[in-house]
Amino acid sequence: MPSPDFKSDDYYKVLGIEKSATEAEIKKAYRKLAIKQHPDKNPDNKKEAEENFKSISEAYDVLGDEKKRKEYDQFGKPGAGGATPDRSQGLHS
């Protein structure tokens, strides 16, 4: 299992999991990291912990939801964030 990279744009890397991870593995990775990176658990490094916690939460919000995860896997971050890709382009040529 890869180690988490909170600065990555790839949600799988943020949680330190493989793309083939199951729902249970995603939830387990999220819980473990959320507890470890929670700002209350890191009073000496609160600002960085807050940023890491936000990254972890955002990744779990997408990967923990089956529909959002499928969109993310297909379209990347913009697709999962609610922005709908222009599907009409190139379809009617």
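**Close-up 1. Aromatic pairs in the predicted model.** The count comes to 3 aromatic pairs, where rings of Phe, Tyr and Trp (its six-membered ring) pair if their centres lie within 6.5 Å. In this predicted model, local features need pLDDT of at least 70 and side-chain atom pairs count only at pLDDT 80 or more, while totals for chains, interfaces and linings use all residues. Residues are numbered from 1 along each chain as its sequence is written, and side-chain values use heavy atoms, with hydrogens and water left out.

**Close-up 2. The pair Tyr12 and Tyr72.** The ring centres of Tyr12 and Tyr72 are 6.0 Å apart and the planes stand at 45 degrees, so the pair is tilted (under 30 degrees is stacked, over 60 edge-to-face, the rest tilted). Tyr12 belongs to helix α1 (residues 11-15) and Tyr72 to helix α4, 60 residues apart; helices are DSSP runs of H or I with at least four residues, numbered from the N terminus. Tyr12 is buried at 2% relative accessibility, and Tyr72 is buried at 8% (buried is under 20% relative accessible area, exposed over 50%, partly exposed in between; 1.4 Å probe, protein chains only). Ring pairs join Tyr11, Tyr12 and Tyr72 into a cluster.

**Close-up 3. The pair Tyr30 and Tyr60.** This pair is stacked, with 4.2 Å centre to centre and 15 degrees between the planes. Tyr30 lies in helix α2 (residues 23-37) and Tyr60 in helix α3, so the pair ties together parts 30 residues apart in sequence. Tyr60 is partly exposed at 22% relative accessibility.

Key. Helices (H or I, at least four residues) and strands (E, at least two) are DSSP runs, numbered from the N terminus.
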